[in-house]
Amino acid sequence: MDQYVLVLNCGSSSIKFAIIEAKTGTSPLHGLAENLGTASSKFGFSYQHKQYDGELPVNTDHQQALAVIADTLKQFEYLSQRIVAVGHRVVHGGESFTRSTLIDEQVKHAIEKTSLMAPLHNPVNLTGITSAQNAFPHLPHIAVFDTAFFQTMPKHAYLYALPYELYQQHNIRRYGFHGTSHYFVAHEAANTLKKELSTCNLITAHLGNGCSIAAIRQGKAIDTSLGFTPLEGLVMGTRCGDLDPSLPTYLIEQLGYSSAEVTELLNKESGLLGISKLSNDCRTLEQQAKEGNQQAKLALDMFIYRLVKYIGAYLAVVGPLDALVFTGGIGENSAYVRENTINQLTHMGLQLDPDKNLEMRFGQSGLISRINTKPIFAIATNEEWVIAKDAMQYVH
C-alpha cells in the first residue's frame, strides 16, 4: 500500500502543503494558501495535475487557512487514509535541534522559546503543528529545521564578534535558514554535474520573500547570509537585511520608536516593500519598473546589488567554484534578477545564456550559463520532499 507524508510549510505570508510519496518525491496533491493577512488572500491546489482554485475571506490568517486545508484533504479519502506522518517545516531550531525530531510538548516548548529569534516564522510554524495535530491526532508529527543544514559552519563563521560569554550563556550566534532548500538544490546541482556532493564547491542563492545565500565547500555549508534571526544578509521582500547595528538604537532614542515598532519596521515594512513604497512582490516591481516607476527600479537595483556583493564574497571563500545555483520563487522565475545579477559578475568568469535564462522558469530546471563558462543553474527547489524523507524515518 502506498504511504504518504503530509508536508506543511508555513511561511510568513503563505502555507504550502503537499502529500508526498517519500521514496519518489511524487506529489498527487499539493497546494498553496498565499497573501495571508491581506485583502488578496487566496487558495488553490492541484490534484492529479488538475488545478482547483478556491476563495479565502479577506485577511485570512494561518489558523483559518489551515482549517480550509484540512477540510480539503478530507475530500480525498484514498490519499488521506494513506498518510502515515506529518512533516513540518520549522524555521529556527536554535542550538536545541541539529536534526529533525519527533514533536512532543517539550519540542513545541523549545520551538516557542526560539520564536524571539524568528518572529515571522516560528509562531506560524507552531500554529501549523497544533492545527495539524488536532486534525491528525493519531499520526507522528515531525519537525524539520531550516537551521540543521548549517550546523557544519565553522565557529569562525557562525560567531559574532561579541563578548564570548553571550554565545556561551545565551547561544547568540549565526544559525542560517532555508536549509532544506539549500540542501536539495546542492544535491541536484551535484547530480547534474555528475559529481559527488562531497567534492563540490557551490554557491546557492534562495531568493523569495525571504532570501539567503550559502557558501558550500566540499558539500558542506561553511557560511550563509542569514544569522541569529532570518533578518540579516540580503534585501528581502519586507526585511531589510544587513544594516548598521546602531540604527535600531538611533530609531528608539532619537526618533521615538519603541522596540516593538523597530522589530515591525525591520521585519515587515522594509526590503522591497519599504524601498518601492509599492509591493514586496518582485513580479509587481518588475512590471512597474518596466513602466517607468523609479522607486520600483531602485528596490530591484538594491536587491540585485546586495546579491552581487554576497556572491563575490562567497567566491572568495568556497575555493574553485563548481556551480552557482538560483532557487526560490524569485531565483527560479525572475529572468530579470538573474540576468542583471550575472551581468555584474562577468569579470569573475560567470556568463549567462539569455535564451536559456528565459527558458528556465516556471518549474523548469537546468543550465542557464554559456557553454565553456562556469555552470550557473536555475533549479526548482523541493523542500517538501526533503521534509517527507526526514519524516519517514519516524514511521514504524
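1. In this predicted model, Ile 203 has Ala 215 of strand S10 as its bridge partner. The two strands concerned are S9 (residues 202–207) and S10 (residues 211–217), which pair in the antiparallel sense over six bridges. As background, strands of a sheet pair through backbone hydrogen bonds, either parallel or antiparallel.

2. S9 and S10 belong to an open sheet of six strands, in the order S11-S10-S9-S12-S14-S13. The pairing within this sheet is mixed. Strand S11 (220–224) and strand S13 (366–367) are the edge strands, since each pairs on one side only.

3. Two packed helices are described by the angle between their axes and the distance between the axes. For H7 and H16 the angle is about 100° and the axes are 8 Å apart. Angles of 65 to 115 degrees count as roughly perpendicular, and H7 and H16 are therefore roughly perpendicular to each other.

4. Which residues of H7 and H16 meet? From H7 they are Thr 180, Ser 181, Tyr 183 and Phe 184, and from H16 they are Glu 383, Trp 385, Val 386 and Ile 387. The residues of this contact comprise five nonpolar, two polar and one charged.

5. The length of helix H4 (residues 122–135) may be checked by simple reasoning. At 1.5 Å a residue, its 14 residues should span 20 Å, and this agrees with the end C-alpha atoms, which are 20 Å apart.

6. The buried residues of H4 include Val 124, Leu 126, Ile 129 and Ala 132, as well as Asn 122, Asn 125 and Gln 133. Gly 128 and Ser 131 are buried too.

7. Strand S1 forms a hairpin with strand S2, with four residues between them. The two strands run antiparallel and are joined by six bridges. Within this pairing, Leu 8 stands opposite Phe 17 in S2.

8. S2 (residues 15–20) is also joined to strand S3 (residues 29–34), by five bridges and in the antiparallel sense. Here Ala 18 has His 30 of S3 as its bridge partner. Five of the six residues of S2 are buried, so this strand is largely enclosed by the rest of the structure.

Key
Residues numbered from 1 in each chain as written. Predicted model: local features only at pLDDT ≥ 70, side-chain atom pairs only at ≥ 80, totals over all residues. Heavy atoms only, no water. Pairing = 2+ DSSP bridges. Axes fitted to C-alpha atoms, helices over the stretch in contact; angles between N-to-C directions. Parallel < 35°, antiparallel > 145°, perpendicular 65-115°, else oblique. Contact = heavy atoms within 4.5 Å. Nonpolar A, V, L, I, M, F, W, Y, C, P; charged D, E, K, R; others polar. Expected span 1.5 Å × (residues − 1). Buried < 20%, exposed > 50% of the residue type's maximum accessible area, 1.4 Å probe, protein only.
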